[in-house]
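Colleague: Could you take me closely through one part of this model, the aromatic rings and what lies around them? I would like a careful, connected account.

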Amino acid sequence: MTIKIGQTMPMCEIPATSNLTFSPKAYQGKKLVLYFYPKDSTPGCTVEAGEFRDHIDAFNQANALVVGVSRDNLRSHENFRQKLGLPFELVADTEEKLCTIFNVIKMKNMYGKQVRGVDRSTFLFDSKGVLQKEWRGIKVTGHVAEVLTAAKAMS
């Protein structure tokens with residue numbers, strides 16, 4: 001099942017940083033920015049995480065929680081969070097449960113070889129847990145500001 005605009009996220013529980021478990025019901029009452037990225041500590045992912053970090057106060061003022069998702073394990077996520085001082089949690093989707101729900105696994109060309117990878121994507125949910133907006137195949141530059149604008153505009 002792939003989630004679409006106007007739908008709620010199916011129930012799932014996936015390990016996250018800070019010894020937490022990501023579950024959609026845990027975010028009811030707040031807007032949720034769920035961003036998928038290819039890999040911890042890579043150049044584009046580091047810039048993207050840093051931009052979310054640098055705008056976290058504005059997201060908090062908009063009643064929006066930011067959560068990052070990749071297929072990396074918890075140890076990698078904890079190191080990435082510590083290195084960048086990320087004030088939000090990262091979900092270790094090692095079994096690709098969320099990646100499948102959001103259909104973000106794509107074939108990519110890496111050094112001339114076809115590999116399965118995460119397509120950089122962001123999803124914005126309202127405070128009732130309904131998907132309101134999605135961005136797929138995004139470029140990092142300017143993206144976080146665009147997501148923030150959408151989160152602020154949502155009631």
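Modeller: In this predicted model, Tyr37 is buried, and Phe80 is buried as well. Across the structure there are 11 aromatic pairs, and one of them is formed by Tyr37 and Phe80, whose ring centres lie 6.0 Å apart with 35° between the planes, an arrangement that counts as tilted. This pair links distant parts of the chain, since Tyr37 sits in the loop between β3 (31-36) and α1 (43-54) while Phe80 belongs to helix α3 (residues 74-84), 43 residues apart. Both residues also belong to a cluster, linked by ring pairs, that includes Tyr35, Phe52, Phe59 and Phe88.

Turning to the strands, β3 runs parallel to β4 and is joined to it by 6 bridges, with Phe36 standing opposite Val69 of β4. On to the next strand, β4 is joined by 4 bridges to β5 (residues 89-92), again in parallel, and there Val69 has Val91 as its bridge partner. Strand β4 (residues 64-70) is largely enclosed by the rest of the structure, because 6 of its 7 residues are buried.

A charged residue deserves a look too: Asp126, in the loop between β8 (121-125) and β9 (131-136), is buried yet has no salt bridge, the nearest side chain of opposite charge being that of Lys128, 5.8 Å away. The side chain of Asp126 does make a polar contact with the side chain of Gln132, at 2.8 Å, and, leaving aside residues up to four places away in sequence, Asp126 touches Lys30, Lys31, Gln132 and Met154.

Technical notes
Residues are numbered from 1 along each chain as its sequence is written. This is a predicted model: local features need pLDDT of at least 70, side-chain atom pairs count only at pLDDT 80 or more; totals for chains, interfaces and linings use all residues. Side-chain values use heavy atoms; hydrogens and water are left out. Rings of Phe, Tyr and Trp (its six-membered ring) pair if their centres lie within 6.5 Å; planes under 30 degrees apart count as stacked, over 60 as edge-to-face and the rest as tilted. Helices (H or I, at least four residues) and strands (E, at least two) are DSSP runs, numbered from the N terminus. Buried means under 20% relative accessible area, exposed over 50%, partly exposed in between (1.4 Å probe, protein chains only). Lys and Arg count as positive and Asp and Glu as negative; His and the chain ends are not counted. A salt bridge is a side-chain nitrogen of Lys or Arg within 4 Å of a carboxyl oxygen of Asp or Glu. A polar contact is a pair of N or O atoms within 3.5 Å; within protein, one must be able to donate a hydrogen and the other to accept it, and residues adjacent in sequence count only if both atoms are side-chain atoms. Contact means heavy atoms within 4.5 Å. Two strands pair if DSSP finds at least two bridges between them.
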